[in-house]
Amino acid sequence: MLVRQTIKKLAAEAGFDLCGVAPCRHLADSERRFRAWLAEGRQASLGYMERNAEKRFDPRLLVEGARTAVVCAVGYKNRTGEGYPAGHRAKVASYACNRDYHTTIREMLLRLFDGLRALHPQLGGRAFVDTAPLAEKQLAVEAGLGWIGQQSLLVTPRLGTYVLLGELLLCDEADSYDAPLAGAGCGNCRVCVDSCPTGAVGPDRTIDAGRCISCHTIEREPAAGVDLHGWIFGCDECQSRCPYNRRAPLHVHPAFDPLFDPAAMTPDEWLGLTDGEFDRRFGATPLTRSGRERICRNIGKEKKRLP
């Protein structure tokens with residue numbers, strides 16, 4: 001049997017700021033809300049969201065024999081997440097200024113997993129970092145890390161929404177489990193809803209992907225465009241205004257130190273990059289998901305909208 005406090009100690013040693021432990025079970029209410037969201041067509045061009053919905057909300061269908069979900073979070077807040085100067089037209093989401101988090105968090109999870117297997121040599125399981133159909137935000141709520149905010153993101157009391165998640169699904173039970181937070185939440189605050197320039201943040205803690213700037217700059221391009229409001233990769237509008245994020249501390253893990261400052265780059269500088277220069281400067285960051293050509297197209301759309 002796994003010991004919850006040992007899991008948390010090893011998670012901290014691996015570099016995580018938060019760790020919670022929850023039993024693997026079917027998250028029926030979350031699945032119902034998700035299917036209603038799909039039925040309304042608010043996934044827009046995110047067709048992959050329609051696949052494997054049953055696995056997404058039952059970790060036991062992803063890993064045979066899974067009994068325990070270990071949900072870990074690390075803060076990544078940097079100065080970029082506090083907002084851009086007025087009129088800046090080449091904005092990049094703050095998480096994308098760092099080394100690709102998939103690589104970093106997977107390395108941290110595997111260190112945690114190795115520590116657990118040193119104590120439990122027969123322990124089976126699998127690590128996940130945002131690349132499989134797993135409802136990680138809902139699992140984080142189950143594990144007591146926070147709650148789903150108005151903007152559909154996980155909000156943690158200390159680190160706000162500027163957290164990145166990783167999970168271990170383990171094939172053994174724990175001696176005890178964390179409980180969801182009681183009495184915490186966003187209350188009547190609507191700052192994130194009102195700050196979204198395209199109205200993508202709904203009143204029911206969901207996002208309309210067809211209006212979401214982040215989706216329009218990164219994912220498969222929808223048929224109908226939106227004003228990108230200066231964003232060329234991702235969007236932090238709803239996060240940078242959140243009261244929890246405004247008082248959250250900057251990151252402490254050195255792996256999340258920014259590799260570049262997007263506030264110091266103009267649209268013309270981005271457009272002047274060659275493929276080789278782009279790869280050398282941004283090859284370790286999430287920007288490679290879009291690539292130079294897509295980013296240049298996003299800038300082109302912005303220029304067409306300017307007076």
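The model is predicted, so local features need pLDDT of at least 70, side-chain atom pairs count only at pLDDT 80 or more, and totals for chains, interfaces and linings use all residues. Residues are numbered from 1 along each chain as its sequence is written, and side-chain values use heavy atoms, with hydrogens and water left out.

Start with the aromatic rings. A pair of aromatic rings is described by the distance of the centres and the angle of the planes. Here, rings of Phe, Tyr and Trp (its six-membered ring) pair if their centres lie within 6.5 Å. Planes under 30 degrees apart count as stacked, over 60 as edge-to-face, and the rest as tilted. The structure holds eleven aromatic pairs.

One of them joins Tyr95 and Phe233. This pair is tilted, with 6.3 Å centre to centre and 50° between the planes. Where do the two residues sit? Tyr95 lies in the loop between strand S3 (91-92) and helix H4 (101-119), and Phe233 lies in strand S8 (residues 231-233). The pair therefore ties together parts that are 138 residues apart in sequence. The element names follow DSSP runs, numbered from the N terminus: helices are H or I with at least four residues, strands are E with at least two. Tyr95 and Phe233 are both buried. Buried means under 20% relative accessible area, exposed means over 50%, and partly exposed is in between (1.4 Å probe, protein chains only).

Now look at Trp270 and Phe282. Their rings are stacked, at 5.0 Å centre to centre and 20° between the planes. Trp270 belongs to helix H10 (residues 267-271) and Phe282 to helix H11 (residues 275-282), so the pair links parts of the chain that are twelve residues apart. Trp270 counts as buried because its relative accessibility is 1%. Phe282 is buried too, with a relative accessible area of 0%. Ring pairs also build a cluster, linking Phe260, Trp270, Phe278 and Phe282.

Rings can also have a charge above them. A charge sits over a ring if NZ of Lys or CZ of Arg is within 6 Å of the ring centre and within 35 degrees of the ring normal. Arg117 lies over the face of Phe113, 3.8 Å from the ring centre. Arg247 lies over the face of Tyr244, at 4.6 Å.

Is Glu219 buried or exposed? Its relative accessibility is 14%, so Glu219 counts as buried. Glu219 sits in the loop between helix H7 (213-218) and S8. Contact means heavy atoms within 4.5 Å. Beyond residues up to four places away in sequence, Glu219 touches Leu46, Tyr48, Ser214, Arg289 and Arg294.

Asp58 is in the loop between helix H3 (53-56) and strand S2 (68-75). At 8% relative accessibility, Asp58 counts as buried. The side chains of Asp58 and Arg60 make a polar contact at 2.9 Å. A polar contact is a pair of N or O atoms within 3.5 Å; within protein, one must be able to donate a hydrogen and the other to accept it, and residues adjacent in sequence count only if both atoms are side-chain atoms. Leaving aside neighbours within four places in sequence, Asp58 is in contact with Arg25 and His26.

Finish with the backbone. Ala44 is not a glycine, yet its phi is positive, about 50°. Ala44 is in the loop between helix H2 (28-39) and H3. It counts as partly exposed, at 37% relative accessibility. Asp130 also has a positive phi, near 60°. Asp130 lies in the loop between strand S4 (125-128) and helix H5 (136-142). With a relative accessible area of 42%, Asp130 is partly exposed.
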